[in-house]
Amino acid sequence: MRLRLLALGIGLALCLPLSAQAAPLRAIVAFSGQPAPSRPLGYFLRPNGILPIAPPSPDPRRETVLEVMPLAGSPKLLPERAGVPPLPTEQTVRVFGQRLLPRQLLLLPGGTLTLRNDDQRPVTVELSPALPGKPSILLLPGQAQSIRLSSAGELSLSLREQPSLPVHVLLPLHLATHLEVSEQGTMAVATLDVPPGRYVVRLRVPGGEVWQQEVDVPADGRELSLKASLGEER
């Protein structure tokens, strides 16, 4: 699945009565095109055999992440005050059909990441940047291994056998949240309550594409309007 950012527009949010300590920062993403169709459960062929159950098709809309980082002079942001879920302390990445799923996820710095091989053959998961003494992890069929990620930043995972389909584990010190997708799947929204100030807002889509811009959030809030096009998986 490929998601390509096409256009950006910024406008003021609706003027509503707000607390002087919080202003709504709202990102609205409009999707055009169609994601790759969901694969039905069944069997798929590999060069040296048949593996049961085809892997599910990843949905880039539900894996897209919005990050908000305060610039100098702006107060530190806390999830409970911003109205977004706290970062999870545990996450699992599965090897399924010779791919890693999900493709982009959030994890609290210091949290635990579990890698689980649900395939019927051994795989080697490459880590970038490499962890101390652990540049890669060998997983036998049905095996799981947990690692603690103590540093903030980003960890990329890829299969040595399929390096073109990486997974990005984001471990931010700032605010980060997934978007809420509409029932029709054409729109997605994320709203955060932040003190008026200047911030860096970043939209990250699966596959490593990033949109980023500095944004002033006044007392009556700010609204970001983004357009993204969905394309078929190659």
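## A hairpin of β16 and β17

Strand β16 covers residues 180–181 and pairs with β17 through two bridges, in the antiparallel sense. Val-181 lies opposite Ala-188 of β17. Five residues separate β16 from β17, and the two strands form a hairpin. Gly-185 sits in the turn, with a positive phi of about 80°. This is a predicted model.

Strand β17 runs over residues 187–194, and its side chains alternate. One face takes Ala-188, Ala-190, Leu-192 and Val-194, which are buried.

## The protein as a whole

The protein has 234 residues, and 43% of them are buried. Its secondary structure consists of two helices and 20 strands.

Consider contacts between residues at least 6 apart in sequence: 67% of these join residues at least 24 apart. The protein exposes about 12100 Å². Carbon and sulfur atoms supply 54% of that area.

## A four-stranded open sheet

Four strands make up an open sheet in the order β7-β6-β9-β12. The pairing is mixed. Its edge strands are β7 (100–101) and β12 (144–149), and each pairs on one side only.

Strand β6 spans residues 90–95. Two bridges join β6 to β7, and the two run antiparallel. Val-95 has Leu-100 of β7 as its bridge partner. As a general point, strands of a sheet pair through backbone hydrogen bonds, either parallel or antiparallel.

## Aromatic rings

How many aromatic pairs does a search of the whole structure find? It finds zero. One ring does have a charge over it: the charged end of Arg-94 sits over the ring of Phe-96, 4.5 Å from the ring centre.

## Arg-202

Arg-202 belongs to strand β18, which covers residues 197–204. Why does Arg-202 count as buried? Its relative accessibility is 19%, and buried means under 20%, so Arg-202 falls on the buried side of the cut-off.

The side chain of Arg-202 makes a polar contact of 2.7 Å with the side chain of Gln-212. Gln-212 is also among the contacts of Arg-202 that remain once neighbours within four places in sequence are left aside. Val-210 and Trp-211 are on that list too.

Conventions
Residues numbered from 1 in each chain as written. Predicted model: local features only at pLDDT ≥ 70, side-chain atom pairs only at ≥ 80, totals over all residues. Heavy atoms only, no water. Pairing = 2+ DSSP bridges. Phe/Tyr/Trp six-rings, centres within 6.5 Å; stacked < 30°, edge-to-face > 60°. Lys NZ or Arg CZ within 6 Å of the ring centre and 35° of its normal. Buried < 20%, exposed > 50% of the residue type's maximum accessible area, 1.4 Å probe, protein only. Polar contact = N/O pair within 3.5 Å; in protein donor to acceptor, adjacent residues only side chain to side chain. Contact = heavy atoms within 4.5 Å. Areas by Shrake-Rupley, 256 points an atom, 1.4 Å probe, with all protein chains shown as cover.
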